[in-house]
Amino acid sequence: MKKVIYKQFGDESVLELVDQAIPSIQKDQLLIRVKAVSVNPLDWKVYGGEMKLMSGSGFPKSVGIDFSGIVEQTGSATTRFTPGNAVIGLLDVFKGGALADYVVVKESNVALKPANISFEQAAALPVTGLSALQIIDQLAAVGPNQDVLINGATGGIGVFAVQIAKKRGASVTAVVSTKGVDEAAKWGADTVSDYTKQSINVLSQRFDAVIDLSTKLSFTEAKSLMKPSAVYVSTLPSPLTLAYSFINNLFSGRKSKVLILKSTVEGLNALTHLAEDGLQIVLDKSYSINNVREAYQEARRGKGIGKSVIVLD
Ligand SMILES: NC(=O)c1ccc[n+]([C@@H]2O[C@H](COP(=O)([O-])OP(=O)(O)OC[C@H]3O[C@@H](n4cnc5c(N)ncnc54)[C@H](OP(=O)(O)O)[C@@H]3O)[C@@H](O)[C@H]2O)c1
């Protein structure tokens, strides 16, 4: 089978397409024939070596976290799936391995694919959808009539975060570049601010939650946008930010929280229900696995709106 691996940290030039044997499964695992894999900023942070502490430095390593596909084989101790089921799932963020014809995964990291979406759309759901759910429901605990600012609202997580925050009854301000102004309004944002025309710092409104998906807005900068007991959410976990948040949260009304993505059966099921209920999934570009370097180069340079996916034959 085809698989994308790398033998040293670096840019997209380290990614290689190789032939490998189809892996065998253990009794608590599923073998899945992959149909599509999403392109995540986390991928290039890991193969770029930015996350060595978590990924380790042994090679070769694999790429690709979330996928859609069809169950090919089930381990004897699995109970929830049968061969032929169309599914979505995700692998360990730091180990990857979804960019391959087949993946082996525990069934707790898999859910049935909603029938109303394509395999390409389905591949775009797990990492960014679970991140959005975790941010809106757990970290920011967004509820009715809250004012929520989402900075970077047209990216993978942002598209879902805007829609989920609206579902929870919040009033949403989406910060986007010009290309996303109309789109963010279509997903339900009450106010849309174009960061290329107006600095976020001049907004006069104060928010219950400030969610930074751009990695450009620090907690220190965000404070002036926050109500006295508001929450700021960052997507950049590091020992320093985690320690800083812990200490800040002991003494300050304005809380700082950091996303550390967790995959749960409940989260995946909540996500598939949202998709069945009409959650809009926005695809940017679609690539063949033979063009994997191009897919990551273009995504890293900055892209359109939503998520790019890599499709397997
Ligand atoms: N900690 C975790 O467990 C975890 C899990 C998943 C993801 N992440 C991280 O979360 C971040 C967001 O993920 P994603 O998939 O949504 O990334 P993405 O698709 O690249 O989206 C990032 C967004 O930021 C916007 N942006 C860039 N510069 C901006 C600025 N100055 N002001 C406002 N917005 C700006 C971009 O919009 P334009 O294109 O219009 O500039 C884009 O929409 C990434 O850094 C990712 O690595 C962390």
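Me: Over the face of which ring does lysine 113 lie?
Reply: In this predicted model, lysine 113 is placed at 4.9 Å from the centre of an aromatic ring, over its face. Lysine 35 also has its charged end over that ring, 5.2 Å from the centre. The ring belongs to phenylalanine 119.

Me: Is tyrosine 6 buried or exposed?
Reply: The relative accessible area of tyrosine 6 is 1%. Residues under 20% count as buried. Tyrosine 6 is therefore buried.

Me: How many residues apart in sequence are the parts that the pair of phenylalanine 9 and phenylalanine 59 ties together?
Reply: The two rings form an edge-to-face pair, 4.9 Å centre to centre, with 70 degrees between the planes. Phenylalanine 9 lies in the loop between β1 and β2, while phenylalanine 59 lies in the loop between α2 and β4. The pair therefore ties together parts whose separation in sequence is 50 residues.

Me: Which strands stand at the edges of the open sheet of six strands?
Reply: The strand order is β11-β10-β9-β12-β13-β14, with parallel pairing. A strand at the edge has a single partner, so one of its sides is left without a neighbour in the sheet. The edge strands are β11 (191–194) and β14 (255–258).

Technical notes
Residues are numbered from 1 along each chain as its sequence is written. This is a predicted model: local features need pLDDT of at least 70, side-chain atom pairs count only at pLDDT 80 or more; totals for chains, interfaces and linings use all residues. Side-chain values use heavy atoms; hydrogens and water are left out. Two strands pair if DSSP finds at least two bridges between them. Helices (H or I, at least four residues) and strands (E, at least two) are DSSP runs, numbered from the N terminus. Buried means under 20% relative accessible area, exposed over 50%, partly exposed in between (1.4 Å probe, protein chains only). Rings of Phe, Tyr and Trp (its six-membered ring) pair if their centres lie within 6.5 Å; planes under 30 degrees apart count as stacked, over 60 as edge-to-face and the rest as tilted. A charge sits over a ring if NZ of Lys or CZ of Arg is within 6 Å of the ring centre and within 35 degrees of the ring normal.
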